[in-house]
Amino acid sequence: MTDSPASPSFRLAYVPGVTPAKWVRIWNERLPDIPLELLQVTAAEASDVLRDGTADAGFVRLPVDRTVFSAIPLYTETTVVVVPKDHVVTAAEEVTLEDLADEVVLHPLDDVIGWEQPPGEPAFERPATTADAIELVAANIGVLVVPQSLARLHHRRDLTYRPLVDAPQSGVALSWREDATTDMVEDFIGIVRGRTPNSSRGRTQPEPDRRQRPEKGAGRKPAGAGKSAARGSSGAAKGARGGSGRSGGAGGSKGAGARRGKPKRRG
């Protein structure tokens, strides 16, 4: 692990569709002295800003170059098809690729699905961005297949979407340059993985003073010690009673008195 030069902040990149608010809030609670800067980038730009150090870490779309970057997969998104609200596919709760065979399926240049072969009929040209493709769907030029988060991001009142059950899916991961795993990166990894402030990477809670705790077993009585003492006291009491009464000594025994008997009369 390496430490970067003194940095005024932690720089976090994220791609469209990812909402980092929860993790940012936890960072601000735990590390209020280190500001967190958010950098929104396209999926294609994400690897560049991590590689050149513009961002310390980022929420990116998989896959990433594992020879350069470390990555923690977080979740895999449902793939959906975006259509006008009056489109025929809205009659079904789920859609298959076969249902799109006769549709013009738009394939924007910033597509993140990673098709080997996009379904349906191709458009005359590829839209530059997903936002452009959404406009074409609204104009009834074609339909669009995207991760569900992008369908929500580009929501329009005249459009809707349906899950595409047999389509490839897009995964989201936390990624950073492997040779730049700084303390701040480790702190953010801990937050994303759900570590508590008291974990090994937490820096807000002091380690408890173990000297104030008694050593294990200190102050305990040995097993059976109380019983042995009680038995000893009981035995001593019995011995005392025996010495002053029935078992001999000053008081004698019943047998001695019996041998004396009564004196015989003389003739």
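Colleague: Does Phe 10 count as buried or exposed?
Modeller: This is a predicted model, where local features need pLDDT of at least 70, side-chain atom pairs count only at pLDDT 80 or more, and totals for chains, interfaces and linings use all residues. Residues are numbered from 1 along each chain as its sequence is written, and side-chain values use heavy atoms, without hydrogens and water. Buried means under 20% relative accessible area, exposed over 50% and partly exposed in between, with a 1.4 Å probe and protein chains only. Phe 10 has 0% relative accessibility, so the residue counts as buried.

Colleague: Good start! What share of the protein chain is buried, and how many helices and strands are there?
Modeller: Of the 267 residues in the protein chain, 34% count as buried. Helices (H or I, at least four residues) and strands (E, at least two) are DSSP runs, numbered from the N terminus. By that assignment the protein chain has seven helices and nine strands.

Colleague: Back to the rings: how are those of Phe 10 and Phe 188 arranged?
Modeller: A search of the whole structure turns up five aromatic pairs. Rings of Phe, Tyr and Trp (its six-membered ring) pair if their centres lie within 6.5 Å; planes under 30 degrees apart count as stacked, over 60 as edge-to-face and the rest as tilted. Phe 10 and Phe 188 have ring centres 5.4 Å apart and planes at 35 degrees, so this pair is tilted.

Colleague: How many residues apart are Phe 10 and Phe 188?
Modeller: Phe 10 belongs to strand 1 (residues 10–14), while Phe 188 belongs to helix 5 (residues 183–192). The pair therefore links distant parts of the chain, with a separation of 178 residues.

Colleague: And what about Trp 27 and Phe 188: how far apart are they in sequence?
Modeller: Phe 188 has 0% relative accessibility. The ring centres of Trp 27 and Phe 188 are 6.1 Å apart and the planes meet at 55 degrees, so this pair is also tilted. Trp 27 sits in helix 1 (residues 21–30) and Phe 188 in helix 5, so the pair ties together parts separated in sequence by 161 residues.

Colleague: Which residues make up the aromatic cluster?
Modeller: Two of the members, Trp 27 and Phe 188, are both buried. One cluster is formed by Phe 10, Trp 23, Trp 27, Phe 59 and Phe 188.

Colleague: Turning to the sheet, which strands lie at its edges?
Modeller: Two strands pair if DSSP finds at least two bridges between them. Five strands form an open sheet with mixed pairing, in the order 2-1-3-9-4. Each edge strand pairs on one side only, and these are strand 2 (36–40) and strand 4 (69–76).

Colleague: Which residue is the bridge partner of Ala 71?
Modeller: Strand 4 and strand 9 run antiparallel and are joined by seven bridges. Within strand 9, the partner of Ala 71 is Ser 175.

Colleague: What angle does helix 1 make with strand 2?
Modeller: Helix 1 packs on the sheet and touches strand 1, strand 2, strand 3 (57–61) and strand 4; contact means heavy atoms within 4.5 Å. Angles run from 0 to 180 degrees between N-to-C directions, with axes fitted to C-alpha atoms, for helices over the stretch in contact. Between helix 1 and strand 2 the value is about 160 degrees.

Colleague: Which residues of helix 5 are buried?
Modeller: Helix 5 lies across strand 1, strand 2, strand 3, strand 4 and strand 9. Its buried residues pack against these strands and also against helix 1. Eight of the ten residues in helix 5 are buried, namely Met 184, Val 185, Asp 187, Phe 188, Ile 189, Gly 190, Ile 191 and Val 192.

Colleague: Which residue with a positive phi follows helix 5?
Modeller: The phi in question is near 85 degrees. The residue that follows helix 5 with this positive value is Gly 194.
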